[in-house]
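These are my notebook entries on a single model. I record what I looked up, entry by entry.

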Amino acid sequence: MLIAGFPAGAWGTNCYLVAPAAGEECVIIDPGHQAAQGVEEALKKHRLKPVAVVLTHGHIDHVASVVPVCGANDVPAWIHPADRYMMSDPEKGLGRSIGMPLMGELSVGEPDDVRELADGAKLELAGLELTVAHAPGHTKGSVTFGLPEAADIPPVLFSGDLLFAGSVGRTDLPGGSMDDMVESLTRVVLPLDDTTVVLSGHGPQTTIGQERAANPYLRQAASGQEAPGASRRGM
């Protein structure tokens, strides 16, 4: 298994390329602000051929490079229908302007081929099986992508802005909800094995075991108590 990731753009959003091995087809996860060049470099370095872009949610820091990346590689983009509107209207998803100078650098809009994700779906792409879990809280259409354990790696969760090392995504933007966040943590995250590697939308990788032991939000979800206040991490 090959997973190549890098932080991109003004928000340091993690973009991932996932393939069975170097020299094969791949899936691109969350090509955000200023990610197109990094994607191109990673494709060349690992000799990969993309077949799809998949998105954990619709915030501009995760989708800003979808149009150029999909266009350059003639591949579809997958997103949950509740967040699809943000691809064409990113400011509506933030409840405020993100700034005209920055907007001038963005390719706002949908690529030619957009497909919608559903909870529980299994996407068979590039020789991989990605399991989709609808996980609202950060946005109404947030999802995670799970990869099963393989011979050379433990199970992997691409958590987007649901779960970070030591924290969770902010819930104070339009569509955010701490109640939904806690429900998603309880339903999507807590049942996972402790060995599951968490590759999030921002920051370093972690594991479910580490977060179960130390993440205050996950500990509160496990105890059934009221969660701490909204995090400010992520967009």
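I call a residue buried under 20% relative accessible area, exposed over 50% and partly exposed in between, using a 1.4 Å probe and protein chains only. The model is predicted, so I kept local features only at pLDDT of at least 70 and side-chain atom pairs only at pLDDT 80 or more, while totals for chains, interfaces and linings use all residues. I number residues from 1 along each chain as its sequence is written, and side-chain values use heavy atoms, with hydrogens and water left out. Helices (H or I, at least four residues) and strands (E, at least two) are DSSP runs, numbered from the N terminus.

**Entry 1: helix α1**

I first asked which residues of α1 (residues 36-46) are buried. They are Gly38, Val39, Ala42, Leu43 and His46. I noted that these residues lie on the same side of α1, because they cover an arc of only 135 degrees around the axis; the arc is that of the directions from the helix axis to the C-beta atoms. On the other side of α1, I found Gln37, Lys44 and Lys45 exposed.

Just after α1, I recorded a positive phi of about 55 degrees at arginine 47.

**Entry 2: the sheet**

I count two strands as paired if DSSP finds at least two bridges between them. The sheet is open, has 6 strands in the order β1-β2-β3-β4-β5-β6, and shows mixed pairing. β1 and β6 (114-116) stand at the edges with a single partner strand each, so one side of each is left without a neighbour in the sheet. Neighbouring strands of this sheet are turned by 25 degrees against each other on average, direction ignored.

I went through individual pairs next. β2 and β3 pair in the antiparallel sense over 3 bridges, and valine 18 stands opposite valine 27 in β3. These two strands form a hairpin with 5 residues between them, and glycine 23 in the turn has a positive phi of about 80 degrees. β3 and β4 run parallel, joined by 5 bridges; glutamate 25 has lysine 49 in β4 as its bridge partner. I also noted that β3 is largely enclosed by the rest of the structure, because 4 of its 5 residues are buried.

β5 (residues 77-79) pairs with β6 in the parallel sense over 3 bridges, with alanine 77 opposite valine 114 in β6. α3 packs on the sheet and touches β3, β4 and β5; its direction makes about 150 degrees with that of β4.

**Entry 3: helices α6 and α8**

How do the axes of α6 (residues 178-189) and α8 (residues 216-223) cross? I found that they come within 9 Å and cross at roughly 80 degrees. Axes are lines fitted to C-alpha atoms, for helices over the stretch in contact, and angles run from 0 to 180 degrees between N-to-C directions. The two helices are therefore roughly perpendicular to each other, a term covering 65 to 115 degrees.

In this contact, Met178, Val182, Leu185, Thr186 and Val189 of α6 meet Tyr217, Leu218 and Ala221 of α8. By class, I recorded 7 nonpolar, 1 polar and no charged residues. Ala, Val, Leu, Ile, Met, Phe, Trp, Tyr, Cys and Pro count as nonpolar, Asp, Glu, Lys and Arg as charged, and the others, Gly among them, as polar.

Methionine 178 is buried, with a relative accessible area of 18%. From C-alpha to C-alpha, methionine 178 and serine 142 are 13 Å apart in space and 36 residues apart in sequence.

Definitions and conventions:
Contact = heavy atoms within 4.5 Å. Parallel < 35°, antiparallel > 145°, perpendicular 65-115°, else oblique.
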